[in-house]
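This report goes through a set of residues, their surroundings and their pairings. The structure comes first, and the description follows.

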Amino acid sequence: MARYTLLDILTYWLPSHATAESESCWRDQQVSRVHVCQQCGKSYAVHRSLWRHQKFECVNSMPKLSCDICNYQSPHKWCIDNHKRKRHSKII
């Protein structure tokens, strides 16, 4: 059985343009995170991600939807639907 070095394996499996040097250069590039949440300080590169964070994920965002049957609350409609299906399937 032939023994291969790590360099042999990487040379065989990686395309010629994806060498170890180019991979490290790619990782060193920093993504500009210019969109910052004013409430918690988390930053995003895309404005849409900041919007989603502020609407659904930020620690200061309050749940806007609630279950019709009990007092469960969530900012996501799909969470409410899953909750109803799991907890209140006999009622619905």
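Buried means under 20% relative accessible area, exposed means over 50%, and partly exposed lies in between (1.4 Å probe, protein chains only). The model is predicted: local features need pLDDT of at least 70, side-chain atom pairs count only at pLDDT 80 or more, and totals for chains, interfaces and linings use all residues. Residues are numbered from 1 along each chain as its sequence is written, and side-chain values use heavy atoms, with hydrogens and water left out.

Helices (H or I, at least four residues) and strands (E, at least two) are DSSP runs, numbered from the N terminus. Val46 sits in the loop between strand 2 (43-44) and helix 3 (47-57). Its relative accessibility is 47%, so Val46 counts as partly exposed. Between the C-alpha atoms of Val46 and Ser32, which are 14 residues apart along the chain, the distance is 9.2 Å.

Arg48 belongs to helix 3 and, at 57% relative accessibility, is exposed.

**The annotated domain**

UniProt, in an unreviewed entry, places the feature "domain: C2H2-type" at residues 35-65. UniProt positions are given in the numbering used here, feature names are shortened, and annotations may be inferred rather than shown by experiment. Over residues 35-65 the chain is 35% helix and 16% strand, with the end C-alpha atoms 27 Å apart.

**Cysteines**

How many disulfides (pairs of cysteine sulfur atoms within 2.5 Å) does a search of the whole structure find? The search finds zero. For Cys58, the closest cysteine sulfur is in Cys37 at 3.9 Å, which is too far for a bond. Cys58 is buried, with a relative accessible area of 3%. Cys79 is also buried, at 16% relative accessibility.

**His88**

His88 lies in the segment after helix 4 (77-87). Is His88 buried or exposed? At 10% relative accessibility, His88 counts as buried. Leaving aside neighbours within four places in sequence, its contacts (heavy atoms within 4.5 Å) are Cys67, Ile69, Cys70 and His83. With His83 there is also a side-chain to side-chain polar contact of 3.2 Å. A polar contact is a pair of N or O atoms within 3.5 Å; within protein, one must be able to donate a hydrogen and the other to accept it, and residues adjacent in sequence count only if both atoms are side-chain atoms.

**Salt bridges**

Side chains of opposite charge can pair when their charged atoms come close. A salt bridge is a side-chain nitrogen of Lys or Arg within 4 Å of a carboxyl oxygen of Asp or Glu. By this rule there are three salt bridges.

| Pair | N to O distance |
|---|---|
| Arg52 and Glu57 | 2.5 Å |
| Asp68 and Lys84 | 3.2 Å |
| Lys77 and Asp81 | 3.0 Å |

In the salt bridge between Asp68 and Lys84, Asp68 lies in the loop between strand 3 (65-66) and strand 4 (73-74) and Lys84 in helix 4, so the pair ties together parts that are 16 residues apart in sequence. Asp68 is exposed at 67% relative accessibility, whereas Lys84 is buried at 19%.

Lys77 and Asp81 are four residues apart in helix 4, which means a separation of about one helical turn. Lys77 is exposed, with a relative accessible area of 54%, and Asp81 is partly exposed at 31%.

In the remaining pair, Arg52 is partly exposed at 32% relative accessibility, and Glu57 is partly exposed at 44%.

Notes:
Disulfide = S-S within 2.5 Å.
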